[in-house]
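The sequence and the model come next, and the text follows them.

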Amino acid sequence: MIKICGLHQTEDLILAEELGADVLGMICGVPESPRNNTIDEVLILLNCVKNCKTALLFRNAELNFILEILKVTNPTIVHLCGNEDQNYRNEI
């Protein structure tokens, strides 16, 4: 399985899918990352996905922020890469 993460431009996302990626990942809620996406940017990227699974990556984001984004984006995978504890993960 191949996951391409940190997608920030539609051209890159489309190319990754054409080249056979299984999962297309986007960073959201990590403002210090140059590849961070706003919710509007995530929605634009998701509208380009044809057949791949999608993942949203968060790091130590506010739980309510994540839950609001998940309501409108409905990714296949939620990727947490911070200090989120089990209770936090259970809430998601």
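## Charges and basis of the model

The model is a predicted one, in which local features need pLDDT of at least 70 and side-chain atom pairs count only at pLDDT 80 or more, whereas totals for chains, interfaces and linings use all residues. Residues are numbered from 1 along each chain as its sequence is written, and side-chain values use heavy atoms, with hydrogens and water left out.

## Overall fold and dimensions

The protein chain holds 4 helices and 5 strands, where helices (H or I, at least four residues) and strands (E, at least two) are DSSP runs numbered from the N terminus. Read from the N terminus on, these elements follow the order β-α-β-β-α-β-α-β-α. The radius of gyration, taken over C-alpha atoms, is 13 Å, close to the 12 Å that the globule rule (2.2 Å times the number of residues to the power 0.38) gives for 92 residues, so the chain is as compact as a globular protein of that length. Its C-alpha trace spans about 35 × 25 × 20 Å along the principal axes.

Of the 92 residues in the chain, 39% are buried; buried means under 20% relative accessible area, exposed over 50%, and partly exposed in between, with a 1.4 Å probe and protein chains only. Among the contacts (heavy atoms within 4.5 Å) with a separation of 6 or more, 51% are made by residues 24 or more positions apart. The accessible surface, from the Shrake-Rupley method with a 1.4 Å probe, comes to about 5600 Å², and carbon and sulfur atoms account for 49% of this surface.

## Helix H1

An α-helix has 3.6 residues a turn, so residues three or four places apart point the same way. In helix H1 (residues 10–18), the buried residues are Leu13, Ala16 and Glu17. These residues lie on the same side of H1, because they cover an arc of only 95° around the axis, the arc being that of the directions from the helix axis to the C-beta atoms.

Glu11 and Glu18, on the other side of H1, are exposed. The cover over the buried residues of H1 includes strand E1 (3–4), strand E2 (23–28) and helix H2 (39–46). Just after H1, Gly20 takes a positive phi of about 105°.

## Helix H3

The buried residues of H3 are Leu63, Ile66, Ile69, Leu70 and Thr73. Here the arc around the axis is only 130°, which puts these residues on the same side of H3. On the other side of H3, Asn64, Lys71 and Val72 are exposed. The partners against which the buried residues of H3 pack are E2, H2, E4, E5 and helix H4 (86–91).

## Two asparagines with positive phi

Asn60, although it is not a glycine, has a positive phi of about 55°. Asn60 sits in the loop between strand E4 (53–58) and helix H3 (63–73), and is partly exposed, with a relative accessible area of 44%.
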